[in-house]
Structures are given as structure tokens and as C-alpha cells.
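Subject: A structure for you to explore

Hello,

Here is the structure I promised to pass on to you. Please open it beside this email and look up the residues as you read.

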Amino acid sequence: MQKSHSLNQIQAIAFDLDGTLVDSAPGLALAVQLMLKELNLPTVTDEQVKNWVGNGVDVLVQRVFKQVNAPDELFTKARALFDKYYDQTIDEGTKLFPHVTETLRTLQENGYPLALVTNKPAQFLPSLLESLGIKSYFSLCLGGGDVIKLKPHPAPLYQVMATFGLYHDQLLFVGDSRNDISAAKNAHCPTVGLSYGYNYGESIASSEPDFLFDRFDEILSILPLPRAEPTK
């Protein structure tokens, strides 16, 4: 599905991480389960955690606490335990979705600066991107703690535009959840929604992205290759 929306003016592309570039649900779920085990709380399933991903770790842990009826006074300890265990599970519990590496390489080779915009805490990004072999493709990486507001607030995309020197219609944002599409719409940027991601168990089509694809490499079909030069 795609709307009549010209992308000839696009000068750079920004991507969400979890559910867009990487399947991180197994590592997140294991970290949550280990956290709950240490706190002697009931556990949750991998599928539940998958549907809670997308608003940052604080909100993820809050959703877990609501599910297991955990007392609020344990939150600070739980939050620290999650970071401890996720640092152990992030590498083996995270893998790239199909066609990600070759698509990022093609975009970079065709002159598109690439940015990463995620609500995942920034502390986890450098080693994770390095282990996945995609760190070198991104000129800018923004995680939780790098911006004053998380998606769906447009602040992260404003920061990308300011860094790259772009207008809103020159930045394409690619994501898998309503937070991603809302952030881009709030920043007045064109959007790509990917159907295979998490999005709280809902169809990304309901967020009405400008383009909706089932495969990551379909992004290439809507962009000028090589990148069009900016209008003087």
C-alpha cells in the first residue's frame, strides 16, 4: 500500500530499531523474566513482552509491574535489575531482520545519510550495533537519554533534521509502531510503516503511514537511487 507521495526531495533516512531493524523481543523478554525471578514475582511470556515494547524501558517495566501486580516500591530495584540482565542477554537475544544489512549498505552507497532514532536506552546502542555489524551505516544514533522527549514526541526527529540540516519533507522515517508513525507525522515527515514489527499486537496500517511494506528492502523501491542532489 502506498499513497501518492513524492519522495524525490528526500535527502536522508531515519530508522527505528526494535521491530524495524532488529528482532530484540527474545533478549528483552529474557531480561524481564530474570528480573522478575530475582524479585520473586510471577513471570510473563515472550509474547506479552513483545507487545509491550516501544515506549522505552521505564514504560516496559511499568507494564510488566501492572501485569504481575508488583508493588510500586520495587520499581527502582527492578529497573536496575533489568539493565543488569539486559546487558547480559542483548547480544544473543537480538538479531537483524531479513534484508537489513544489504539495504542499509545500498542506501549508504547511494549517498543517503542514515540516522537511528530509538527509545531504547542509549547506553545499549554502541555495543549492540557493533555486534550486529551495522554501526558504521549510521551518521547519527539517538537513544533514550539523548533527547528531551521520546517518540511519539517529534523531538528526536527535529534533532535529526537539525543535525543533517534538513527540512521536514527531506527526511523519511521508517518504523514499525504507532509511536514511530506518530512521531514522524508530528514532525511533518513522510513515513514508511513495516508490517512485521511489534506495534502492541496491532496492525501498523491503522496508523496510516504514507507507505506500508512487508519487507525491509521494499524501501528501495520508493527512493531515487542515487540520491537526488539538494535543490540550490
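First, some ground rules. This is a predicted model, in which local features need pLDDT of at least 70 and side-chain atom pairs count only at pLDDT 80 or more, while totals for chains, interfaces and linings use all residues. Residues are numbered from 1 along each chain as its sequence is written, and side-chain values use heavy atoms, leaving out hydrogens and water.

Let's start with the rings. The structure holds seven aromatic pairs. Two rings of Phe, Tyr or Trp (its six-membered ring) pair if their centres lie within 6.5 Å; the planes are stacked when under 30 degrees apart, edge-to-face when over 60, and tilted otherwise. One of the pairs is phenylalanine 15 with phenylalanine 216: the centres are 5.6 Å apart and the planes meet at 35 degrees, so this pair is tilted. It connects distant parts of the chain, since phenylalanine 15 sits in strand 1 (residues 12–15) and phenylalanine 216 in the segment after strand 8 (211–213), 201 residues apart. Helices (H or I, at least four residues) and strands (E, at least two) are DSSP runs, numbered from the N terminus. Both phenylalanine 15 and phenylalanine 216 are buried. Buried means under 20% relative accessible area, exposed means over 50%, and partly exposed is in between (1.4 Å probe, protein chains only). Phe15 and Phe216 also form one aromatic cluster with Phe138.

Another tilted pair is phenylalanine 97 with tyrosine 196, at 4.7 Å centre to centre and 50 degrees between the planes. Phenylalanine 97 is in the loop between strand 3 (95–96) and helix 5 (100–109), and tyrosine 196 is in the loop between strand 7 (191–194) and strand 8, so the pair ties together parts that are 99 residues apart in sequence. Are the two partners buried or partly exposed? Phenylalanine 97 counts as buried because its relative accessibility is 14%, whereas tyrosine 196, at 22%, counts as partly exposed.

Now for the helices. Helix 1 (residues 25–38) packs with helix 4 (residues 75–89) at an angle of about 135 degrees, their axes 8 Å apart. Axes are lines fitted to C-alpha atoms, for helices over the stretch in contact, and angles run from 0 to 180 degrees between N-to-C directions. That makes helix 1 oblique to helix 4; angles under 35 degrees are roughly parallel, over 145 roughly antiparallel, 65 to 115 roughly perpendicular, and the rest oblique. Among the residues that meet here are Leu28, Ala31 and Met35 in helix 1, and Ala78, Phe82 and Tyr86 in helix 4. Contact means heavy atoms within 4.5 Å.

Helix 4 has another partner: its axis and that of helix 3 (residues 57–68) come within 10 Å and cross at roughly 120 degrees. Helix 3 and helix 4 are therefore oblique to each other too. The residues in contact include Val57, Leu60 and Phe65 in helix 3, and Phe75, Ala78 and Phe82 in helix 4.

Finally, have a look at helix 8 (residues 178–186), whose buried residues are Asn179, Asp180, Ile181, Ala183 and Ala184. These pack against helix 7 (155–164), strand 6 (171–175) and strand 7. After helix 8 comes histidine 188, with a positive phi near 65 degrees.

Happy exploring!
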